[in-house]
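Take a walk through this model, one site at a time. Keep the sequence and the structure side by side as you read.

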Amino acid sequence: MTELPISADLIAERNAAHAEALEEDYAALGRKLSRTGIDIDAIKDRVAGFSVAVPSWGAGRGGTRFAKFPIAGEPTNIHEKLEDCAVIQQLSRVTPRVSPHFPWDKVSDYKALREEAAALGLGWDAVNSNTFQDQVGQAHTYANGSLAAQDAATRQQAVDHNIECIEIGQQLGSTDLTVWVGDGTNFPGQQDLGRSLDRYLEAASKIYAALPDDWRMLLEHKMFEPAFYSTVISDWGSSILAAQELGPKAKCLVDLGHHAPNVNIEQIVARLHRFGKLGGFHFNDSKYGDDDLDSGSINPHQLFLVFNELVEAELNPRANEAGGGFNPSYMIDQSHNVTDPIESMLSSAETITQCFAKAQLVDRDALHAAQEANDTMMAFQALRRAYNVDVAPILAKARAEAGGAIDVLEAYRLSQYRGRKAQQRKAVGLGAGIV
Ligand code: RM4
Ligand code: MN
Ligand code: MN
C-alpha cells in the first residue's frame with residue numbers, strides 16, 4: 001500500500017486525546033442499552049460491517065445549474081478524486097469503495113487505475129453511464145434523448161456507451177451498472193409517451209443482454225430535470241415495471257432526492273423489496289427537488305425510517321431476490337456548493353451510519369407485537385426510542401478500532417490536507433453555469 005494521505009501519527013495522537021472520554025461515553029451507553037437487553041458490542045460489530053460507497057463526482061464542488069464556486073485544491077481528475085476519497089475512507093472507515101462515472105473518469109489503463117485505488121485502500125462500486133450530456137466529437141446528440149431517442153443511431157450509441165461502461169467495470173472489479181437517463185420532454189405532445197417508453201425498454205434490453213452473470217443493472221428513476229414536462233423513467237412505478245420486463249438482474253435504485261415532495265420513500269423501499277427489486281440507494285437530502293444536499297441535513301428521521309425498512313427487509317428475504325439474497329448497494333450522491341466536499345462526505349457517511357445503527361436498536365418484538373395489537377402509540381414509540389438514542393460513541397469506537405479517527409472533522413482540519421493540495425493541484429476553472 002502506498003502512503004495514505006493523512007498522517008497515521010496525527011490520527012493516533014488525536015484518538016489518544018479523545019480515548020478516555022469515548023470510553024466513558026461508550027460504557028454509559030452500553031449500560032443504558034443493556035437495560036433493554038441490547039449488547040452494545042454486537043451493535044458495534046454490525047456498524048463495523050457497514051459501508052457506503054462515495055461517488056467520484058462528489059469529490060469536486062459540483063455547483064448548481066447556475067454557477068460553480070471552486071475551492072483551491074479541488075480535484076480535477078480521477079487520480080486526484082481517488083486521493084480525496086482515500087482521505088474520507090482513512091478517517092471514516094465506512095467508505096471503502098468509489099463509484100465512477102463515465103466518460104468523466106475515463107483513463108487509458110483501467111488495470112493501473114484499479115491498482116492505484118487498491119494502493120489507497122479503495123475498491124470500486126457501481127459504474128455509472130452518462131448519456132445525459134454530449135461529449136466533444138460525439139456522433140449523435142442526446143439533445144432529444146438517449147435510450148429513448150427517436151433516432152435509432154442515437155439509441156445505439158447510448159447502448160454502446162453502457163456496454164463500454166460494463167467492460168470498464170469488469171476491469172475495475174465492479175458488479176453493478178447504474179443507468180440514469182435524462183430522457184423526457186418539455187412540452188406536451190413533444191414525444192409519444194407510450195412509444196418513448198417502448199424505445200427505452202428495447203434499448204435497455206440490449207444493455208441487459210450484455211450484463212455478465214454476476215452483474216446487476218440498477219435503474220435510477222427521477223421525476224424531473226432536465227426534462228420538465230415528462231421523464232421516461234420518472235418514478236418507482238416506471239422503474240419497477242422496466243426492471244420486471246428486463247429480467248431478474250435488473251433492479252431499482254432509489255435516489256432520495258428524486259421523488260415528488262413528501263412522497264413516503266420508506267414505503268417505496270418496502271414495496272421494491274416485496275417484489276425482489278430493491279437494488280440500491282443514492283443517499284442525499286432534499287428540501288425541494290433533486291437538491292443533492294448532505295445526507296440527513298434536512299430530514300434525518302426519514303433516513304432512519306428508510307433504514308428501519310431495510311432491517312425489516314433483511315429479516316424477511318424474498319425468494320425472487322436474484323443474485324444472492326438481500327444486498328442493496330449503498331452510495332452517497334451529493335453535490336457540494338458551499339462546503340469542502342471531503343467534509344460533507346465525512347459528515348454524510350457519519351449520518352448514514354448513525355441511521356443504520358439506530359435502526360439496529362429498534363425492539364422488533366415490541367414493534368411487531370404492538371402492530372399485531374393495533375397499539376399505534378407503542379408501535380410508534382418502539383421506533384422513537386431507537387431514533388432518540390445518541391449512537392455517536394458506537395460509531396466512534398468502531399471507527400477507532402478500524403484505524404479511523406474518533407473526531408473525523410477535527411483530524412481532517414488539523415491535517416491541512418486541502419491546503420497542501422492547493423499548493424500541488426492546478427486551479428479549477430469557474431465552469432459553465434447558466435448565468
Ligand atoms: C442525476 C442522478 C445520477 C447522477 C447524475 C450526475 O441526477 O442522481 O445518479 O449520476 O445526477
Ligand atoms: Mn443519483
Ligand atoms: Mn440526482
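Asn-284 sits in the loop between S11 and H9. Helices (H or I, at least four residues) and strands (E, at least two) are DSSP runs, numbered from the N terminus. This is a predicted model, in which local features need pLDDT of at least 70 and side-chain atom pairs count only at pLDDT 80 or more, while totals for chains, interfaces and linings use all residues. Residues are numbered from 1 along each chain as its sequence is written, chains are lettered from A and ligands numbered from 1 in the order in which they are written, and side-chain values use heavy atoms, with hydrogens and water left out.

Is Asn-284 buried or exposed? Its relative accessible area is 1%, so Asn-284 is buried. Buried means under 20% relative accessible area, exposed means over 50%, and partly exposed lies in between (1.4 Å probe, protein chains only). The Asn-284 side chain makes a polar contact of 2.8 Å with the side chain of Asp-255. Another polar contact, at 3.2 Å, runs from the Asn-284 side chain to that of Asp-292. A polar contact is a pair of N or O atoms within 3.5 Å; within protein, one must be able to donate a hydrogen and the other to accept it, and residues adjacent in sequence count only if both atoms are side-chain atoms. Leaving aside neighbours within four places in sequence, Asn-284 is in contact (heavy atoms within 4.5 Å) with residues including Leu-256, Gly-257, Asp-333 and Gln-334.

Asp-255 leads on to the metals. Which residues coordinate the manganese ion (ligand 2)? They are Glu-220 (OE), Asp-255 (OD), His-282 (ND1) and Asp-333 (OD), at 2.1 to 2.2 Å. Donors are N, O and S atoms within 2.8 Å of the metal (3.2 Å for Na, K and Ca); water is not among the atoms, so sites may look incomplete. Along the sequence, the donor residues of this ion follow the spacing E-x34-D-x26-H-x50-D. The site has six donor atoms, with angles of 72 to 170° among them, and is octahedral. Six donors count as octahedral if opposite donors are over 155 degrees apart and all others between 65 and 115. His-282 is buried, and so is Asp-333.

The manganese ion (ligand 3) lies 3.9 Å from the manganese ion (ligand 2). His-258 (NE2) and two OD atoms of Asp-290 coordinate ligand 3, at 2.2 to 2.7 Å. His-258 lies in the loop between strand S10 (250–255) and helix H8 (265–274), and Asp-290 in the loop between strand S11 (278–283) and helix H9 (300–315), so the pair ties together parts 32 residues apart in sequence. His-258 has 4% relative accessibility and therefore counts as buried.

Now turn to the rings. The structure holds 16 aromatic pairs. Rings of Phe, Tyr and Trp (its six-membered ring) pair if their centres lie within 6.5 Å; planes under 30 degrees apart count as stacked, over 60 as edge-to-face and the rest as tilted. Phe-50 and Phe-307 are edge-to-face, at 5.9 Å centre to centre and 70° between the planes. This pair links distant parts of the chain: Phe-50 is in the loop between helix H2 (40–48) and strand S1 (54–55), while Phe-307 is in helix H9, 257 residues apart. Phe-283 and Phe-307 have ring centres 5.5 Å apart and planes at 25°, so this pair is stacked. Phe-283 and Phe-307 are both buried. One aromatic cluster takes in Phe-50, Phe-281, Phe-283, Phe-307, Tyr-330 and Phe-356.

The backbone deserves a look too. Most residues other than glycine have a negative phi, and most peptide bonds are trans. A cis peptide bond joins Phe-102 and Pro-103, with omega about 10°. Another cis bond joins Glu-225 and Pro-226, where omega is also about 10°. Glu-225 has a positive phi, near 80°. Its place is the loop between S8 and S9. With a relative accessible area of 19%, Glu-225 is buried. Asn-374 has a positive phi of about 55°. It lies in the loop between helix H11 (364–372) and helix H12 (376–388). Its relative accessible area is 65%, so Asn-374 is exposed.

Methods: Tetrahedral: all angles 85-135°; square planar, octahedral: opposite > 155°, others 65-115°.
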